[in-house]
Amino acid sequence: MNEWKEVRLGEVVQINPESLTKDYPFNVIDYIDISSVGTGELRETTQYPISEAPSRAKRLVRAGDTILSTVRPNRRSFLYLKKPKENQVVSTGFAVLRATEKINSRYLYYLISDQKFTDYLVS
């Protein structure tokens with residue numbers, strides 16, 4: 001334990017590392033909006049042709065990413081994406097947290113899912 005050190009979140013994660021661009025290879029997206037995510041659970045997704053996708057459908061995710069709602073953090077809407085679909089896109093209302101080699105992605109998820117982290121965001 002004496003090898004552990006306190007760091008700022010931005011030192012060990014990338015925040016919103018990828019966004020949808022005109023080069024996006026899929027014609028249909030599997031969209032996750034804030035109302036679809038609870039405390040560590042995904043209720044549903046919505047399929048949209050790319051041309052009909054909501055304007056907030058911009059953030060791309062990968063396996064191991066954590067999504068955290070930046071809208072009303074007291075509602076504790078966050079999710080660990082173990083195996084997202086290749087065409088998975090999430091709302092810009094989420095912060096996508098991607099662990100770097102400096103932190104385990106599951107550990108990152110457990111840190112941000114702690115009630116103390118939520119209390120910090122709310123304050």
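Colleague: What makes the side chains of Glu18 and Arg62 a pair?

Modeller: They meet in a salt bridge, with N to O at 2.8 Å. The term asks for a side-chain nitrogen of Lys or Arg within 4 Å of a carboxyl oxygen of Asp or Glu, so this pair qualifies. The model is predicted: local features need pLDDT of at least 70, side-chain atom pairs need 80 or more, and totals for chains, interfaces and linings use all residues. Residues are numbered from 1 along each chain as its sequence is written, and side-chain values use heavy atoms, without hydrogens or water.

Colleague: Why does the Glu18 and Arg62 pair tie together separate parts?

Modeller: Glu18 sits in the loop between strand 1 (13–15) and strand 2 (28–32), and Arg62 in the loop between strand 4 (57–60) and strand 5 (65–69), so the parts they join are 44 residues apart in sequence. Strands (E, at least two residues) and helices (H or I, at least four) are DSSP runs, numbered from the N terminus.

Colleague: Why is Arg98 called buried?

Modeller: Its relative accessibility is 9%. Buried means under 20% relative accessible area, exposed over 50%, and partly exposed in between (1.4 Å probe, protein chains only), so Arg98 is buried. Asp65, at 1%, is buried too. Glu18, at 23%, counts as partly exposed.

Colleague: What makes Glu18, Arg62, Asp65 and Arg98 one network?

Modeller: Their salt bridges share partners. Glu18 also bridges to Arg98, at 2.9 Å. Arg98 in turn meets Asp65, at 2.9 Å.

Colleague: Which residues make up the largest nonpolar core?

Modeller: There are 11, including Val12, Leu68, Phe78, Leu97 and Ile112. Such a core is a set of buried Ala, Val, Leu, Ile, Met, Phe, Trp, Tyr and Cys residues joined through side-chain atoms within 4.5 Å. Strand 6 (78–81), strand 8 (94–99) and helix 1 (105–113) each supply at least two residues. Helix 1 gives the largest share, three.

Colleague: How many nonpolar, polar and charged residues are in the lining of the largest pocket?

Modeller: Nine are nonpolar, none polar and eight charged. Ala, Val, Leu, Ile, Met, Phe, Trp, Tyr, Cys and Pro count as nonpolar, Asp, Glu, Lys and Arg as charged, and the others, Gly among them, as polar.

Colleague: How many residues line the largest pocket?

Modeller: The lining has 17, with Lys5, Val7, Ile103, Tyr107 and Leu111 nearest the centre. A pocket is an open set of points on a 1 Å grid over the protein atoms alone, where a 1.4 Å probe fits, with protein on both sides within 12 Å along at least five of seven lines; lining residues have an atom within 4 Å of a point. Helix 1 gives the most to this lining, three residues.
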